[in-house]
Amino acid sequence: MKFKSLVLATALVSACGDTASQESVANSDKMTDNSIAILQYHHVAEDTPAVTSIAPERFEEHLKYLKDNNFVVLPIEEAHQRIESGESFPAKAVVITFDDGYDNVYDNAAPLLKQYDMPYAVFVNPDLMQQSPSAYMSWEQLRTIQEQGATIVNHGQTHAHLIRRKDGESETEWRERMSYDVLSAQQAIDEKLGPQPKYFAYPFGEYDADLQALLDEWGFLGFAQHSGPWSPYSDPTAITRFPASGIYANLKTLAPKLNSLAMPVAEYSPQEPLLEHQQTRPELTVTLSSVSTLQKHALQCYQGSHVLKPEWLSERVFSVTPSADLAIGRSRINCTAPNKTGQAYYWFSAAFIRPDSNGSWPD
Ligand SMILES: [Zn+2]
């Protein structure tokens, strides 16, 4: 079921109301402050693909920025627990995650994180660790960083494009493939490292409603790769993270994301990211629970470098349409609006995957 946390979010909203009274504004502020940015890294090295890498010196700049600006780095389980219970976050809080479990994280990031005394989570692929031991951390290395405060979680056995059906694959076969990738990977992690939280980071950030339903059935949270803070408004199987590698490693553009607030989204459509090939410009419609704390007129959406002007259809509903055909593969529409003081941005992102005419797309 989507929006499991919506019950909580709705309860908070109805407690907050949506009138212009001082009290409701204060309550709404407090409610939407219940947002935490999750940073997503892959490689921490100089000699790996630029788009998924950050140089070790640059990575240390990030940690120093967090420390100098009084950010509290929370373990991912604690952030989860606070979201579930409705407990607010410290004014400046962040979660650090790494996908893939590359050996350069052990060599270049773990010592710095230990030095700065910051917890983090690493999403690993047990099958790939076995196939290419030189590229990935070993179980022994994972145990070492676990003792230093890392949480080791699930990125699937094979890092495959899970939602891309194979030729002639039946629903039962697909489900078995998902079970292998998700459940057997969790079993491997739990056997090697002791029971770990059931958190799954989608390979390539790709998910569809069918895979979300399976994760929900199996009791997993699903972590994606489109941007936005984690909050009670998040879909528990489409939790957003901010990429912090490649062009996104720039602290000037990363800093506002660290302070961003979750846009109070009650529902949006299309919620299914996997489009038909013919869906070149899907209209995104977003219903907010409350608009009392954001500057509605300053709402803006982005499709890559294109700035899109959203249209308010009613008090709490806006829609926006891409101004160019979505490229084949993964894309996003991000929408932001300043809060009343203009000191922070509400953030929402919708993910899309547009296949080619053969139902495929690039890595
Ligand atoms: Zn990955």
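K192 is partly exposed because its relative accessibility is 43%, where partly exposed means between the limits for buried (under 20% relative accessible area) and exposed (over 50%), computed with a 1.4 Å probe on protein chains only. This residue belongs to a predicted model, in which local features need pLDDT of at least 70 and side-chain atom pairs count only at pLDDT 80 or more, while totals for chains, interfaces and linings use all residues. Residues are numbered from 1 along each chain as its sequence is written, and side-chain values use heavy atoms, with hydrogens and water left out.

K192 sits in helix α8, which covers residues 171–193. Helices are DSSP runs of H or I with at least four residues, strands are runs of E with at least two, and both are numbered from the N terminus. Leaving out residues up to four places away in sequence, K192 touches W139 and R143; a contact means heavy atoms within 4.5 Å. K192 and W230 are 38 residues apart in sequence, and their C-alpha atoms are 29 Å apart in space.

G194 lies in the loop between α8 and β8 (199–201). With 23% relative accessibility, G194 counts as partly exposed. Its C-alpha atom is 9.9 Å from that of I152, a residue 42 places away along the chain.

## The protein as a whole

The secondary structure comes to 10 helices and 19 strands. The radius of gyration is 20 Å, close to the 21 Å that the globule rule gives for 363 residues, so the protein is as compact as a globular protein of that length. The radius is taken over C-alpha atoms, and the rule is 2.2 Å times the number of residues to the power 0.38. Along the principal axes, the C-alpha atoms fill a box of roughly 60 × 50 × 35 Å.

Of the 363 residues, 55% are buried. Among contacts between residues at least 6 apart in sequence, 66% join residues at least 24 apart. The accessible surface is about 15400 Å², and 50% of that area belongs to carbon and sulfur atoms; the areas come from the Shrake-Rupley method with a 1.4 Å probe, and for residues only the protein chains shown count as cover.

There are 28 positive and 45 negative side chains, with the centres of the two sets 5 Å apart. Lys and Arg count as positive and Asp and Glu as negative, while His and the chain ends are not counted. Each charge is placed at NZ of Lys, CZ of Arg, CG of Asp or CD of Glu.

## The zinc site

D100 (OD), H155 (NE2) and H159 (NE2) coordinate the zinc ion at 2.1 Å. Donors are N, O and S atoms within 2.8 Å of the metal (3.2 Å for Na, K and Ca), and water is not among the atoms, so sites may look incomplete. Along the chain, the zinc donors follow the spacing D-x54-H-x3-H.

H155 and H159 are both buried. D100 is buried as well, because its relative accessibility is 6%. D100 is part of strand β5 (residues 93–100), and its phi is near 90°, a positive value in a residue other than glycine.

## Backbone geometry elsewhere

Most residues other than glycine have a negative phi, and most peptide bonds are trans. F204 has a positive phi, near 60°, and is not a glycine. This residue lies in the loop between β8 and α9 (209–218). The peptide bond from S269 to P270 is cis, with omega near 0°. P270 is in the loop between β12 (265–269) and β13 (284–288).

K257 is in helix α10 (residues 251–258), and P229 is in the loop between β9 (221–223) and β10 (242–243). Setting aside neighbours within four places in sequence, K257 is in contact with A37, F242, Y248 and W347. The C-alpha atoms of K257 and A37 are 7.1 Å apart, although the residues are 220 apart in sequence. P229 and H62, 167 residues apart in sequence, have C-alpha atoms separated by 18 Å.

| Residue | Relative accessibility | Class |
|---|---|---|
| P229 | 5% | buried |
| K257 | 11% | buried |
| F204 | 15% | buried |
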